[in-house]
Amino acid sequence: GMAYIRDITDNVTLQPLQVENIQGKVINLPIHQNGQNELVYDFNTAIPGVYFIKIIANGMVKTCKIIKN
């Protein structure tokens, strides 16, 4: 499936940084940017597990946890 990361205030520019699996290995996934405040990650080719999406938002690194079943 797809993972959507969005700033609902429309005031923050999001930049993709990297996606890591639970072991810390960097995973290459297709990423689409819809405008400056939404990133879409395509997890269709990823195996089930826990992933951490790291993004840059207003110059700060943020981490989002994703669980793919």
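A strand here is a DSSP run of type E with at least two residues, and strands are numbered from the N terminus. Keep that in mind for the views below, which come from a predicted model.

**View 1. A three-stranded open sheet, with strands in the order 1-5-4.** Pairing in this sheet is antiparallel. Strand 1 (2-6) and strand 4 (31-33) sit at the edges with a single partner strand each, so one side of each has no neighbour in the sheet. Going from one strand to the next, the twist averages 20 degrees.

**View 2. Strand 1 alongside strand 5.** Zooming in on this antiparallel pair, you'll find five bridges joining strand 1 to strand 5 (residues 38-42). Look for Tyr4 opposite Val40, and for Ile5 opposite Leu39. Which residues make up the covered face of strand 1? They are Ala3 and Ile5, while Met2, Tyr4 and Arg6 make up the uncovered one.

**View 3. A four-stranded open sheet, with strands in the order 3-2-6-7.** The pairing is antiparallel here. Strand 3 (26-27) and strand 7 take the edge spots; each has a single partner strand, so one side of each is left without a neighbour in the sheet. Strand 6 and strand 7 run antiparallel and are joined by nine bridges. Within that pair, Val50 stands opposite Ile67 of strand 7.

**View 4. Asn21, a buried residue in strand 2.** Asn21 belongs to strand 2 (residues 14-21). Why does Asn21 count as buried? Its relative accessible area is 13%, and buried means under 20%. Leaving aside residues up to four places away in sequence, Asn21 touches Ile27, Val50, Tyr51 and Phe52. A polar atom of the Asn21 side chain also lies 3.0 Å from the backbone nitrogen of Gln23.

**View 5. Asn58, in the loop between strand 6 and strand 7.** This loop links strand 6 (49-57) and strand 7 (60-68). Is Asn58 buried or exposed? Asn58 counts as exposed, because its relative accessibility is 53% and exposed means over 50%. Check the backbone too: most residues other than glycine have a negative phi. Asn58, a residue other than glycine, has a positive value, near 55 degrees.

Notes:
Residues numbered from 1 in each chain as written. Predicted model: local features only at pLDDT ≥ 70, side-chain atom pairs only at ≥ 80, totals over all residues. Heavy atoms only, no water. Buried < 20%, exposed > 50% of the residue type's maximum accessible area, 1.4 Å probe, protein only. Polar contact = N/O pair within 3.5 Å; in protein donor to acceptor, adjacent residues only side chain to side chain. Contact = heavy atoms within 4.5 Å. Pairing = 2+ DSSP bridges. Axes fitted to C-alpha atoms, helices over the stretch in contact; angles between N-to-C directions.
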